[in-house]
Amino acid sequence: MRLWIGLYLPQLPLEVFCPNWSSDSASVVLEQERVLALSPAARAAGAQAGMRRGGVLMLVPDAKLYERSVEREAEALHAVAMALLQYTPLVAQAEESTLLIDIGASLRLFGGIRALCRRIRANLRALGFTGSLSCAPTARGAWLLARHGGARVVQMDSLVRRLDRLPAALLPPARPFASWFEGIGCFNLGDMRRLPRPGLQRRCGRPLLDVLDAAYGMTPELFDWIEAPTTFRAKLELFDRIEHADALLFGAHRLLLQLTGWLCARQLAVERITLQLEHERGRVAMAPTEIDIALAEPTWRDEHLVRLLRERLGKVELVAPVIGLCLEALQVQPMAPPSDSLFPEPGGSEQDQLRMLELLVARLGPENVLQAAPQADYRPEHANAWVPVGKKIRPTEREAQMPPDVLSLPRPSWLLAKPIALLMRNHRPFYGSPLKLASTPERIEAGWWSQSQTRDYFIAEGQDHAHYWVYRERIVGSAQDSEPRWFLHGLFG
C-alpha cells in the first residue's frame with residue numbers, strides 16, 4: 001500500500017527570522033511592502049495580512065519588521081527535508097512550503113503511522129518549526145489535507161469523502177477563478193467534480209483537471225526526489241550572539257538531525273564529526289572554535305551524538321560570542337548490517353559498551369580514559385602499555401604481539417606498578433602472614449644486557465586464603481647476595 005505524508009509549514013517565513021515568534025512582542029514579515037506573516041502579538045494589536053508597512057507601524061510602533069527571504073526559506077525547507085530522509089529516501093518538495101513523503105514502505109519499520117507521525121512532529125519541534133501534518137493514499141490528497149489543517153486518512157473511500165468537503169479555492173489552479181466558482185455555487189471540491197469536464201477545462205485550463213485527478217487517485221504522479229549530497233556540511237546562522245557554550249546545544253541538535261537524515265539516505269555511519277563555533281567576521285574576525293568528536297563505534301543515530309556534544313560543550317570556554325555553527329562529517333563508512341543474534345549480550349551489547357566509553361571520553365577527556373595495548377615483551381611490567389581508548393588497535397597487531405602458546409600460570413587482575421620486596425621468615429616469604437606456594441614455578445627470562453631479568457613466578461596463598469603472584473629472583477652472588485630474594489608482583493581478585 002502506498003501512503004503519503006504531507007507536511008505544510010505555514011509559519012516558515014516568520015520562523016526563519018524569529019525562533020520565538022509565538023511569544024515575541026510583535027514580529028511581521030513583509031513582501032513587497034505588504035504583510036506576509038505576523039506573530040499573534042502583532043495580530044492582536046490590529047495588524048493583518050496584506051496590510052502595508054505604514055499601517056503596521058501606525059498600529060504597532062515597536063513591531064519588528066523583516067523583509068522576506070526566499071533563499072533562507074528554501075534553505076530551511078531543505079534542512080527539514082534532510083532530517084526526514086531518515087524515514088524514507090522518497091521525499092519531494094511541493095509548492096507553498098510543503099513537503100511530500102512516501103512512507104508506505106516504512107510503516108512496519110517505525111511502528112505504524114501514528115508512531116511515525118509522532119517522530120516526525122518531534123523532529124520538527126527540534127528543528128524549531130511548526131507544521132500541519134496529514135496522511136493520505138495520494139500525494140496531492142496529502143498536500144490538500146495538510147494545507148487545510150491536517151488529517152490522517154488511510155483508505156481511499158475516506159479520502160474521497162474528506163476531499164469533497166474541502167473548499168474549491170484550495171487548489172492553486174482554481175484560485176484565479178474563485179469569484180466565478182462562487183457565482184455558479186461551486187464551493188467545494190465535490191461540487192467541482194460534478195461540473196462538466198469539457199466546460200471546466202475550457203474555462204480554467206487543463207492544469208486544474210490534472211491536479212483534481214491526481215488528488216483523487218485517477219492519474220499517476222511524478223516527482224523529483226530530493227537527493228542527499230555526496231558529502232555532508234551544514235551551517236546554521238544564530239539569531240543572537242551566544243556567550244555560553246551550553247546554549248549552543250539546541251542549534252547543534254538541528255544540525256545533527258540533518259546529519260542523521262543524510263547518513264540514512266546514503267546508508268553510511270559516521271566515525272568522526274567536527275562542530276565549528278563561528279565568531280565575529282570582518283575586521284575583528286576570529287578563527288572558529290572547533291569541537292572534534294571521534295567515535296569508537298560508527299553510528300547513524302542522533303541521540304548518542306547529542307549526549308556527546310552536551311558533555312563537550314559543557315567543558316568549552318568561549319573566547320568570543322558565537323554567531324553561527326557549522327557541522328561536518330569528516331569520516332564515514334558503510335552502514336553495518338544489524339546483528340543477527342537471537343539473544344542480547346549479557347551486560348549490554350558491544351555497541352552499548354562503546355557508547356559508554358565515548359561518553360566517558362567526552363566527560364573526562366581522552367587523556368584520562370585509557371585502554372590496554374599488548375607489547376611484544378615477556379616481562380609482565382613491560383608486556384602492556386596504556387593508550388587512549390580512541391586509538392585503534394588492529395586485531396592483526398594484537399595477535400602479532402602475543403607470545404607463542406606456552407604453558408603459563410594465570411595472570412592476576414591487579415599488577416602492581418612496582419614489585420614489593422618480601423620478608424623471609426622460617427625460609428618462607430612473608431606478607432601479613434607466611435605464604436604457601438600453591439603452584440609450580442613459571443620461569444620468565446627476558447630483557448637485553450643490563451635490563452635482563454630471570455624470575456621464577458609462583459601463585460602463593462596466605463593464611464586468609466588470599467592469593468598472590470610472587471616471584472623469586474635467580475641471583476647467584478657472594479656472601480649476602482647469595483640467597484634469592486622474593487617479591488610480590490600482583491594480587492588476584
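Trainee: Hi! Where do we start? How many helices and strands does the chain have?
Mentor: Welcome! The chain has 15 helices and 21 strands. Keep in mind that the model is predicted.

Trainee: And what share of the residues is buried?
Mentor: Of the 493 residues in the chain, 43% count as buried. As for the surface, the chain exposes about 27700 Å², and carbon and sulfur atoms supply 53% of that area.

Trainee: What about contacts, how much comes from residues 24 or more positions apart?
Mentor: Such residues account for 59% of the contacts in the chain that have a separation of 6 or more.

Trainee: Let's look at a sheet. In what order do the strands of the open sheet with S8 sit?
Mentor: The order is S8-S11-S9-S10, four strands in antiparallel pairing. Strand S8 (233–242) and strand S10 (289–299) are the edges, and each of them pairs on one side only. On average, neighbouring strands in this sheet are turned by 20° against each other, direction ignored.

Trainee: How many bridges join S9 to S10?
Mentor: Seven bridges join them, with S9 covering residues 268–278 and running antiparallel to S10. To find your way in, look for Leu277, which stands opposite Thr289 in S10.

Trainee: Which helix lies across those strands?
Mentor: That's helix H12, residues 249–266. H12 lies across S8, S9, S10 and strand S11 (322–334), and runs at about 25° to S11.

Trainee: I also clicked on Leu313. Which helix is that in, and is Leu313 buried or exposed?
Mentor: Leu313 lies in helix H13, residues 302–314. Its relative accessibility is 2%, so Leu313 counts as buried.

Trainee: Which residues does Leu313 touch?
Mentor: Leaving out residues up to four places away in sequence, Leu313 touches Ala245, Asp246, Leu248, Leu249 and Ile291. Take Ile291: this residue is 22 residues from Leu313 along the chain, and their C-alpha atoms are separated by 8.3 Å.

Trainee: New topic: charges. How many salt bridges are there?
Mentor: The count comes to 20 salt bridges. The general idea is that side chains of opposite charge can pair when their charged atoms come close.

Trainee: Which strands does the Arg233 and Glu328 pair tie together?
Mentor: Arg233 and Glu328 form a salt bridge with the closest N and O atoms 3.0 Å apart. Arg233 lies in strand S8 and Glu328 in strand S11, so the pair ties together parts that are 95 residues apart in sequence. Arg233 is partly exposed at 48% relative accessible area, and Glu328 also counts as partly exposed, at 24%.

Trainee: What does Glu280 pair with?
Mentor: Glu280 meets Arg241 in a salt bridge, at 2.5 Å from N to O. Glu280 sits in the loop between S9 and S10 while Arg241 is in strand S8, so this pair ties together parts 39 residues apart in sequence. There is a network too: salt bridges that share partners join Glu31, Arg68 and Glu73.

Trainee: And where do Glu96 and Arg147 sit?
Mentor: Those two side chains meet in a salt bridge at 2.7 Å, N to O. Glu96 is in the loop between strand S5 (91–94) and strand S6 (98–102), and Arg147 is in helix H6 (residues 139–147), 51 residues apart. Glu96 counts as partly exposed, with 29% relative accessibility.

Trainee: Back to the start of the chain. How many residues of strand S1 are buried?
Mentor: Five of its five residues are buried; S1 covers residues 4–8. Trp4, Gly6 and Tyr8 point one way from S1, Ile5 and Leu7 point the other way.

Trainee: What does S1 pair with?
Mentor: S1 pairs with strand S7 (residues 132–136) in the antiparallel sense over five bridges. Five bridges also join S1 to S6, again antiparallel. Trp4 shows both pairings: Trp4 stands opposite Ala136 in S7, and its bridge partner in S6 is Asp102.

Trainee: Last one: how many disulfides are there?
Mentor: Zero, in a search of the whole structure.

Key. Residues numbered from 1 in each chain as written. Predicted model: local features only at pLDDT ≥ 70, side-chain atom pairs only at ≥ 80, totals over all residues. Heavy atoms only, no water. Pairing = 2+ DSSP bridges. Helix = DSSP H or I, 4+ residues; strand = E, 2+ residues; numbered from the N terminus. Axes fitted to C-alpha atoms, helices over the stretch in contact; angles between N-to-C directions. Contact = heavy atoms within 4.5 Å. Disulfide = S-S within 2.5 Å. Buried < 20%, exposed > 50% of the residue type's maximum accessible area, 1.4 Å probe, protein only. Areas by Shrake-Rupley, 256 points an atom, 1.4 Å probe, with all protein chains shown as cover. Salt bridge = Lys/Arg side-chain N within 4 Å of Asp/Glu carboxyl O.
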